[in-house]
Structures are given as structure tokens and as C-alpha cells.
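Hi,

Here is the structure I promised to pass on.

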Amino acid sequence: MKIERNYDFCKRLLEVHKKDRRDHTLTPDADEFAFRDTVRILLQKDAGQIAQTAAKDFADYLFVSMNVTAYVAYDDGKECENCVRLVINQDLGEASERRGHRITVDNGVTVEGYDENGIAQGLYYLEDVMNLRFAPFLKKGTETRRIMFVPRNVMSGYGVDEYPDGYLAKLAHHGFSGIMLWIKGLNVSQKKCFCNFKDIAMRAAKYGLEIYVESYAKHDVYPEGEQAQAHYDAMYGELFSQCPFIKGIILVGEACKFEGRDPDIPTGREAWAWPSRDWTLLADMVQKAVRKQRADAEIVLCSYNWGGMPKEPRQRLIREVPDGLTWECGYEMFATYDLDGQDVRCFDYSLRVVEPGYYFKTEAEAIGERGMKFMTIGNTGGKTWDFGVIPYTPAPYRWAERFEYMRDAHDRFGLSGLTDSIHYGVHPSFISEIAKWAFATPRIDLNEKIPQILAAYFGREHV
């Protein structure tokens, strides 16, 4: 077995494009377009930094992975062959939403994005297709793709709140849309170290990645009354005033501990671990404080600490929280599974459970009644707590089973966003690539796609 020095894995996390993927013995089929040297990647004059970054990235991919030279230029509107034209088009049918895209391949390629992220995801998709083909060949025709889950948020697998550019680029390629910061305060990480939020946000923005924060600061003022509102204005309003680039804040019981006053909290139960009406007050105050600074900020209330409680207080809280919140719950938590003939309860995350549990389903019921935006902690970046400290759990077909159920949850329950990793972060891998293929429409047969992905990662002879 190869012996590595500590943190050598970080080098691989910074490698965006694998070198020399091309099989030069292959030739294009009659219905395929083949890139040849001196590809022109054409940007509109008003293209923003996401499209510019993605265009340069695609040129690098063609050169490094497919041994084809390419360069980026502004579009003069003239007809051309052997080029990739990048345009914004907000009339893409069902894909007319964030990150949607349409790709047309003939004597050249046109990538139409509903937004600039759509352009970027369209280019990354072309890379994925050519990786599986082992050659810079694309089938001719038109394909329109919609991304099922936005946001897809991850914590860093490089280091807590550490996001170097290469890692950010790799996250974007694997379909993630948001990165999470654990914070104690403004520019203070959960490790109580200085963390330059603005620097991370500026670099993440190039790849279309938005910033979500989870605060571990003590909430020692009960959220009721004008003085309390002033306190939370200073706490959360100031954060968003200084950091208007933050897209959302995630509120979790164990991170937002405060004294509860709801008389229905059972004796001996701490307020943070019970779905009490106190959380309605806190969510309302935080929402008011934040939206004074950023009107479109997303306020996420996560029920992680309450999933084992009876459904009645959980559903009641969902029905009573302020309008405009996003609700997040666990996916498989508190479900039971068989282990050597014994029923075992899943207290956090396990790949032994592929279907959503009772906790998820009972909350989805109330969320559907409210019409709230709905997220889940799916750990779909590739690892669960079965063995949480490894980079990913290499069980592709088991993951595919979970992905199928999550696609079903999207259709049945309106599930629209994911937390793809928490502690230890995400290590982009063939598992997260399977998830990316799974979470787009039109849907594909994952069992058919998995052997192709394995061949691209490990070689045809090892599938």
C-alpha cells in the first residue's frame, strides 16, 4: 500500500482536470461532432465572471484532458465551426430556472444557460460526457437539462472553513451550488480563528458558489420584545450588513441554544432539543434582522435536534413559523434497520437506510401544507457516519438506491434543496459524480451509467 504524508490528499482535491484522458485510438461516429485543434470558445461582450471563468476552465479542460488546443474570444456573431458559443437564454421550457441549460451540437456547439451558472453547468456537463467517451466527441442534437436541487450545500473537506480556488472549482464541477461556513461571529470561524469571509466569497463567486453560514454564537437573549430585536439586529443584521454576499443563514438547535419559555417543553428537556414555540419567535427575529440588510436572504430553520420527538409538536411548529422560511430536516435519521438480526435505530446518518424515514415523511406532510421551501440533510456528497472520516463510502449502487428515493421525494414532497455534507466536508469522487447525474432531468438509468463512470475513474479493465 502506498504510504502518504499527512495532507497529501489536499493535492488531489486541487486537481480540477485529470491529465490525458483521451484515448487516441478512438474515432468519431457518423453522428458525432469532434473537437479539433484551435477551438474558439465565444463569450458575449457583457459576460460576467461566472461565464468567463467557466469558458477559461473549458479551454483548460480541452487542453489538459483531451489534448486539444482552445482559446476564449468575444463572439462577433459570425457563423463558425469548431467553436463553442455561450449565450444566456431565459426561454428554455422546463429548464427556465437557475442553472438550467440547453446544448446544441452540430458543426459546433452552442451552450444556452438560463443564467451564467447554467452556462457553467452546461460546460461541465460537456466535460462529463467527453470523460465517459474518452475522447473530445459529442453526439449531434439538442439536449435541455434542468437541475433538480438548488441549493446543494457542502462544508469543506479541505479543512474547516478552508476553500482554496482549486477546491472551489472542483465543487462547482461536481454540481454543488453553495458552501457553508461555521462561524462564531463576523470573520471568526467555529475554530475561533480569523476567517476572511469576503475573500472566500469573492473567490467562490467566480464559480457560482453561494455562501451559507451556520452560527455557533450563544443566543443568550430571549427573542421577544424591542430590546431583543435590537440585540438580534446587532447580531445578525450587522453580519449581513458587513457581508451582504451571504446568501443564507442556517439555524440549528444545538448551535443556537437559548432559554426556552414555552410551557409545553417537557420537564427535564432542554429548550434547544424540543420543537417549542420559542423557535417561532427566534426565527421571526432573525428573519427581520437579516432582511433589513438583504431582502432575498434565505433563512433556514433545521429540525435536526427534534427529529426523534413526537410528530405533533414538530408539525405544529412547521405550521406556526413565519412565512418565507426554508425548512430543513434529516433524511434517514431515527429510522430503524436490521443489523445481524437486531433492529438498530439510526441516530444520525447511515447508508444502511436508503429511504426517507418517518421523521422526514411526517415533516414533509406539514411542509407541503404550508407550501414552504424544503431541504434535507442527505449527505449526498458521498459519506455518512457509518465511517465518517473516510473520504467517501465506495458503494455506488447503494448510493444510487438512495438517489432514486431522493428523486422521488423531489416529485412527491417538493424537496428542492440538499445539504450534501456536514462535518468532514465533501471529497469530490465518483460517488458525487453519480449524484450529479442523478439530480438532473431528463432522468437517466443510474445502473446503466455507473459502469461508465467507474471506467472513467478507474479504467475500463477494472470495472
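Which residue just after α2 takes a positive phi? That would be N67, with a phi of about 60°.

Before the rest, some housekeeping. This is a predicted model, where local features need pLDDT of at least 70, side-chain atom pairs count only at pLDDT 80 or more, and totals for chains, interfaces and linings use all residues. Residues are numbered from 1 along each chain as its sequence is written, and side-chain values use heavy atoms, with hydrogens and water left out.

**Helix α2**

Helices and strands here are DSSP runs (H or I, at least four residues, for helices; E, at least two, for strands), numbered from the N terminus. Helix α2 covers residues 49-66, and its 18 residues should span 26 Å at 1.5 Å a residue, which agrees with the 25 Å between its end C-alpha atoms.

**α3 against α11**

The axes of α3 (residues 116-133) and α11 (residues 430-438) come within 12 Å and cross at roughly 120°. Axes are lines fitted to C-alpha atoms, for helices over the stretch in contact, and angles run from 0 to 180 degrees between N-to-C directions. From α3, the contact is made by Q121, Y124, Y125, D128, V129 and L132, and from α11 by E433, K436 and W437. These residues divide into five nonpolar, one polar and three charged (Ala, Val, Leu, Ile, Met, Phe, Trp, Tyr, Cys and Pro count as nonpolar, Asp, Glu, Lys and Arg as charged, the others, Gly among them, as polar).

**Cysteines**

Taking a disulfide as a pair of cysteine sulfur atoms within 2.5 Å, the count comes to one. It joins C80 to C83, S to S 2.1 Å, and the torsion about the S-S bond is about 85°, so the disulfide is right-handed. Both C80 and C83 are buried. C243 is in no disulfide, with the nearest cysteine sulfur, that of C195, 9.9 Å away; C243 counts as buried at 3% relative accessibility. The sulfur of C302 is 7.9 Å from the closest cysteine sulfur, in C329, which is too far for a bond, and C302 is buried, with a relative accessible area of 3%.

Cheers

Definitions and conventions. Buried means under 20% relative accessible area, exposed over 50%, partly exposed in between (1.4 Å probe, protein chains only). Contact means heavy atoms within 4.5 Å. The expected span of a helix is 1.5 Å times one less than its number of residues.
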